[in-house]
Amino acid sequence: MGKQVHGPQETEDNPVLDRAISKAMWRLVPVLILMYMLSYLDRANIGFAKQAFQASTGVTDIAFAFGASIFFIGYALFEFPSNLMLHKFGARRWMARIMITWGAIAMCMLFTHSDTSFTTVRFLLGSAEAGFFPGAILFITYWFPAKARGRILGLFYFGSPMAMMFGGPISGALLEMDGLLGLQGWQWLFLIEGIGTVIIGFFVLWYLTDRPAQAHWLTEEERTALADAVAAEDRIKEAGGHVTLGQALTDPRLIQFCAIYFLIQIAGYGFAFYMPSQVSGLLQMKIGLTVGFVSAIPWVCAIIAAIFYPPFAVKTGYRRTFGVIALLAIAGGLSASGNLPPAWAVFSLCFVAMGIICSQPIFWTFPSGYYTGYAAAGSLAVINATGNLGGFFAPNLKVWAEVGFGANAGLYAVAAAPFLAAILFVLLKDRVMNEPEAVEATEAVH
C-alpha cells in the first residue's frame, strides 16, 4: 500500500469544498481554455499560412522550418525567469502581460518579407510568450486539489484542439481575404489573431483572481475550504520530503519529466505544423477553407476524447497505462497516415490528435503532484521549456528525414518520438503513492 497522509477534513463528501471547486471551475477554466487556444493558435497558425507566406516572401522550406522552430528557442530561454516572476507577482498580472506582449509581436508578422525578418519576429514571439503554459499549470495547482486536477487539466487541454478545430476554418477564411485593403491573406491572419490576443490580455488583467483566499465571488466558507484543501496538499508533498528549488533542478526525476515532455512535443508540433500541408496533399488542393475544415476533424475527435480519457485515467489510478496507450496511438497514427488512402489517412490522424491531447494532461499530473512552491514554479518552467524545444526540433527533424530518406521518412521520424516517450512513461512513479493505490490514497488525504 502506498503511503497515506491524512490531512484536514477536506473529504470528497465535503459539500462546501465541492461547491467551491465547481464555482472555481466554471469561472476560471473557460478563460484558461480561451487563453490556451490563443497561445496554441499563435504558434501553430504559421502552418496554415505556410503556402501563402512562402509564395509571397520566397522563404524556402529549410528557412521556414528554422524560422518556425526558432520560436521555441526564445521560449525556452525566458521560460524559467518568467515563471518565477509569475509566482512572485501573481498570475493575473503576469499572464495578462504575457498575452498583451505576444499579441503585439504577432501583429508584426505583417512586416516579415525575408528569412531574417521572419526568424527575428518568431524568436521575439517565443520570448514574449515564455512562461504562459507552465504559469497556467501552476495557477491550476493554486486553485484545485488533486482530486479535481485531472479533470481540470483535461478541460484546460481543450484549448489546443479547439484552437485547431476553430482556427483551421478561421485561418482558411482569413487567407481568402487576400487583397482586401491592400493586405494579403496571410497578413490578415496574423493581424486579426494578434489583435484578439491583446484584447483578451486586458480582459484577463481585470478578470482573474490569483488565489482562493482573494475570491470575492466565493463565500467565506467556500474560500476557506478551498484554500485549506490546497494548503493541505502542499503539506502532504512536503511530508514526503520538502523539495527546494535547488534540489528540484538537480533531481534526476526532473530529467525524466523533461525527456518525456520533449518527446511528446516533437510529435505534437510535428503534427500541428504540417497537418494542414498533409491534408492539402491528400485532398490535392491548396490550403483554404476546405482544407481548414478537414483539418479540424481530428481535433474534434481529440476534444471528445479529452472529456473522458484523462479524468478516467486519474480516477482508475492507472495513469501510466493510459498515458502509454495514448502515446502509442500517436506513433501508430502518424506512421499509418502516410500509407493510406485519403479518408483512412484522415481517420488515422484522428488517433494522433486524440493521443496528443490526452497524453499531456495525464503527464502533467505527475510533476504537478511532485513539486510545490518555488520548486513547482521553477520545475514546471524547466519541464515546459525543455519540452517545447521539441517544437524547435520537430520541423527540422521532419525536413532532414524527408531530404535524406524520402517523403514518408519525416512522418516515421516524428512517430519515433512518442514511442520513446511511452517507454519512459512506463517508468514514471508518483512521489507519494504508487498505482493502482493512487485513487485510494488520494481519497485518504482529502
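## An exposed phenylalanine and its patch

A residue is called exposed when its relative accessible area is over 50%, buried when that area is under 20%, and partly exposed in between. In this predicted model, F308 has a relative accessibility of 56%, so F308 counts as exposed. F308 is placed in helix α12, which covers residues 289-316.

F308 belongs to a nonpolar patch on the surface, together with V300, I304 and I307. The accessible area of these four residues together is about 370 Å². An α-helix has 3.6 residues a turn, so residues three or four places apart point the same way.

Helix α4 runs over residues 115-129 and contains 15 residues. From its first C-alpha to its last, α4 reaches 21 Å, close to the 21 Å expected at 1.5 Å a residue. Which residues of α4 are buried? They are F118, T119, V121, R122, L125, G126, S127, A128 and E129. After α4 comes G131, and the phi of G131 is positive, near 100 degrees.

Helix α14 takes in residues 342-368, which makes 27 residues. At 1.5 Å a residue, α14 should span 39 Å, and its end C-alpha atoms lie 40 Å apart, so the two values agree. Most of α14 is covered, since 21 of its 27 residues are buried.

## Salt bridges

How many salt bridges does the structure hold? There are 2 of them. Side chains of opposite charge can pair when their charged atoms come close. In one of the bridges, the side chain of R19 meets that of E222, at 2.6 Å from N to O. R19 sits in helix α1 (residues 15-57) and E222 in helix α9 (residues 220-239), so this pair ties together parts that are 203 residues apart in sequence.

A salt bridge also forms between the side chains of K23 and E222, with 3.0 Å from N to O. This pair, too, links distant parts of the chain: K23 is in helix α1 and E222 in helix α9, 199 residues apart. Through shared partners, the salt bridges join R19, K23 and E222 into one network.

R19 is partly exposed, because its relative accessibility is 37%. K23 is also partly exposed, with a relative accessible area of 33%.

## Two loop residues with positive phi

Most residues other than glycine have a negative phi. L181 is not a glycine, yet its phi is positive, at about 55 degrees. L181 is found in the loop between α7 (159-175) and α8 (185-207). With a relative accessible area of 72%, L181 is exposed.

Q284 is another non-glycine residue with a positive phi, of about 55 degrees. Where does Q284 lie? Q284 is in the loop between α11 and α12. The relative accessibility of Q284 is 73%, so Q284 counts as exposed.

## A pocket and a cavity

The second largest pocket has a volume of about 380 Å³. Its lining is made of 23 residues, and those nearest its centre are Y274, S277, Q278, K398 and E402. The elements that give two or more residues to this lining are α2 (61-89), α11 (252-283), α13 (319-337), α15 (373-405) and α16 (409-426). Which element gives the most to the lining of the second largest pocket? It is α11, with 7 residues.

A pocket is open, whereas a cavity is a space where a 1.4 Å probe fits but cannot get out. The structure holds 4 cavities of 30 Å³ or more. The largest cavity contains about 60 Å³ of space. Its lining consists of L38, L41, D42, N45, W102, A106, F190, E193, G194 and T197. Helices α1, α3 (91-107) and α8 each supply at least two residues of that lining.

Conventions:
Residues numbered from 1 in each chain as written. Predicted model: local features only at pLDDT ≥ 70, side-chain atom pairs only at ≥ 80, totals over all residues. Heavy atoms only, no water. Helix = DSSP H or I, 4+ residues; strand = E, 2+ residues; numbered from the N terminus. Expected span 1.5 Å × (residues − 1). Buried < 20%, exposed > 50% of the residue type's maximum accessible area, 1.4 Å probe, protein only. Patch = residues over 30% accessible without salt bridge, like charges linked within 9 Å, V, L, I, M, F, W, Y side chains within 5 Å. Areas by Shrake-Rupley, 256 points an atom, 1.4 Å probe, with all protein chains shown as cover. 1 Å grid on protein atoms, 1.4 Å probe; cavity = no way out; pocket = protein on both sides within 12 Å on 5 of 7 lines; lining within 4 Å. Points joined across faces, edges and corners; volume = space filled by probe spheres on them.
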